[in-house]
Amino acid sequence: MSHSQFALLRQRRFAPFFTVQCLNAFNDNVFRQGIIGLLFWLQVPESERGLYTQLAPAIFILPYFLFSATAGQIAEKMEKAKLIRLAMLLGVAIMLVAALGFVTHHLPLLLIALFATGVHSTLFGPVKYSILPAVLHPRELTGGNGLVEMGTSISILVGMIVGGLIFSIGGAYSPWLAAAAVLAIATAAWIAAKLIPVVGASAPDLRINWNPVTETVGVMKLARKQLAVRNAVLGVSWFWFVGTVFAAELPDYAPLNLGGGNTLYVFVLALFSIGTGLGAVLCEKLSARTVEIGLVPLGAFGISVFLFDLYFARSGAAPVGGLDILGFMHQPGSWRIAIDLVGIGLFTGFFVVPLFALIQSRTPKDELSRVIGALNIQNSGFVVAASLICLALREYLHWTIPQIFLALAVANTLVAIWIFTIVPEFLMRFLSWVLVRTLYRLRARGIDHIPDEGAALIVCNHVSFMDALILSASIPRPVRFVMYYKIFNIPVLRWIFRISKAIPIAGARENPELMKRAFAEIDAALAEGELVGIFPEGALTKDGEIAPFKSGVEKILEQRPVPVIPMALRGMWSSMWSRRDSKLHRARLPRRFRAHVDVVADAPIDGHGVTSETLEAKVRELRGDAA
């Protein structure tokens, strides 16, 4: 059965929330662009206008530093749907103040409303991402996050366009039109929020620490508890750094380096935004509905490739000025620049969506909102740093915008290498993702039976040297695989198995000490609530048939009777690296390149008193005749 993330847009558990977050992002940008439009409409002197345009981003970002830690606690303690409704109602009140500022041409009042909008976004941020794992299944997390990122990027783009157009087409009524627009959008978001079903609080007994300093320190420590989550947070913040550099430089890049005006600026911004949205929604397809962090290295290095090419495509000033969109597209090299902008956005989507999904899937549900609060604090720091660095490079070092893009490409490459060096799991997942997706077309069924959290033992038939990688690519949670030590020690694959914390094992006669250590490590992993995967046959099949399951599985369950998930691999016998052929033939490509391989799971079985014969019969039933 095929699944599509777009089906979520027809379901009440997701659609009203998606509408709310799109309207919220849309209104933020209509309002901010409206302030800039009013400055021009009032013919404010350029020096004073520059002060307002530089002050506005700082005013908007300040609440993230001040209140994100508190917002994370509130999102943890309160019922999430209720909190969203209250936040959207607050948004209506803020836009009433903004509307008054527009119609009275009162710029200080608009800046007060802008600060309040920052407070509103700070309050909404933690619940925006912590609600997703509460309403989506783990296999829907990547698709749901992809839709959210797509909706956000498109809403920001459309909001900037609409906000800019209001004072271009409204004439004498422009302030009134701006006031009506922001108030109407905020009201629509509040109405949509009323349709969000009750979700529940993740930590209703949490005592809120109202001291922003001590709580900020606390949530930052919380975000660093797990190495993978800590560096996923760092990766998301780097995404904001890259995005801020683009947002800061594109308005000048269009006239100085592309030869156009505001229309061309909107066009190049649209190319980047559309690319980001497309990359975000493609993540589910590329990851086969799992949290596939293997896409993160692909996204990171893809961003660098297109950034480098953007520099070489146009490293100097525009040869011709006064161009509209069509005029620009008829210039030599314009298509290359357009493709680079879409490519940067596309791989940005590949980069950030799996990181959000990883944070949501690996963070305890009663800590997630506070971790998102910590993420927002760190994001704000990266945004400010990016803005200051761009300002220093342009004003004091007199760098050109292409030179800034080149520096960003180099920095992005170095940051990516650093992140993947300290968290090898990212690179390991990328290599296994490339291997599996290149050689096979996976079809997974029944994966929803695997519990979202807690210990469980996965048992499966053993057909090829690739079995553990294929199962890893199909299961949304990390799995500690127990494997024969000679398979564990295969060159290249050994590095992948070590990073994924596979557990090597040997027979009792072959290496009793290694076997003893393996059973101790299995028990410790299950005690920590991890998934452990074993192949109870004890060796690869030599004839395509399932061999009798050994009694080791019973020994594991006697020590710790956790639920058992029966799984079966179908269609692997004729694949690469099975024992169907000689060693020479195993190194060849499969008879059918990218052949279909089925991964099938069944409902958990109570681990108390279960026998190896029972599990063997269940796996045989799941596999059927598809060896």
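Colleague: Is Arg 13 buried, partly exposed or exposed?
Modeller: This is a predicted model, and the class follows from the computed accessibility. Buried means under 20% relative accessible area and exposed means over 50%. Arg 13 has 28% relative accessibility, so Arg 13 counts as partly exposed.

Colleague: Which side chain does Arg 13 meet in a salt bridge, and how many residues apart in sequence are the parts that the pair ties together?
Modeller: The side chains of Arg 13 and Glu 140 meet in a salt bridge, at 2.8 Å from N to O. Arg 13 lies in the segment before α1, whereas Glu 140 is in the loop between α5 and α6, so the parts tied together are 127 residues apart in sequence. Glu 140 is buried, at 14% relative accessibility. The partner asked for is Glu 140, and the separation is 127 residues.

Colleague: Which residue forms a salt bridge with Arg 139?
Modeller: Arg 139 lies in the loop between α5 and α6, and the other residue of the pair is in the loop between β1 and β2, so the pair ties together parts 309 residues apart in sequence. With a distance of 3.9 Å from N to O, the salt bridge partner of Arg 139 is Asp 448.

Colleague: Which helices does the salt bridge between Asp 309 and Arg 336 tie together?
Modeller: The closest N and O atoms of Asp 309 and Arg 336 are 2.8 Å apart. Asp 309 is partly exposed at 24%, and Arg 336 is partly exposed at 38%. Asp 309 lies in residues 295–313 and Arg 336 in residues 334–362, so the helices tied together are α11 and α13.

Colleague: Is the aromatic pair of Trp 238 and Phe 241 stacked, tilted or edge-to-face?
Modeller: Trp 238 and Phe 241 are three residues apart in helix α9, about one helical turn. Trp 238 is buried at 9% relative accessible area, and Phe 241 is buried at 11%. Planes under 30 degrees apart count as stacked; with 10° between the planes and 4.7 Å centre to centre, the pair is stacked.

Colleague: At what angle do α2 and α4 pack, and how many charged residues has their contact?
Modeller: The axes of α2 and α4 are 7 Å apart, at an angle of about 35°. α2 passes α4 in a right-handed crossing. By class, the contact has 21 nonpolar and six polar residues. The angle is about 35°, and the number of charged residues is none.

Methods:
Residues numbered from 1 in each chain as written. Predicted model: local features only at pLDDT ≥ 70, side-chain atom pairs only at ≥ 80, totals over all residues. Heavy atoms only, no water. Axes fitted to C-alpha atoms, helices over the stretch in contact; angles between N-to-C directions. Helix = DSSP H or I, 4+ residues; strand = E, 2+ residues; numbered from the N terminus. Left-handed = near helix turned anticlockwise from the far one by under 90°. Nonpolar A, V, L, I, M, F, W, Y, C, P; charged D, E, K, R; others polar. Phe/Tyr/Trp six-rings, centres within 6.5 Å; stacked < 30°, edge-to-face > 60°. Buried < 20%, exposed > 50% of the residue type's maximum accessible area, 1.4 Å probe, protein only. Salt bridge = Lys/Arg side-chain N within 4 Å of Asp/Glu carboxyl O.
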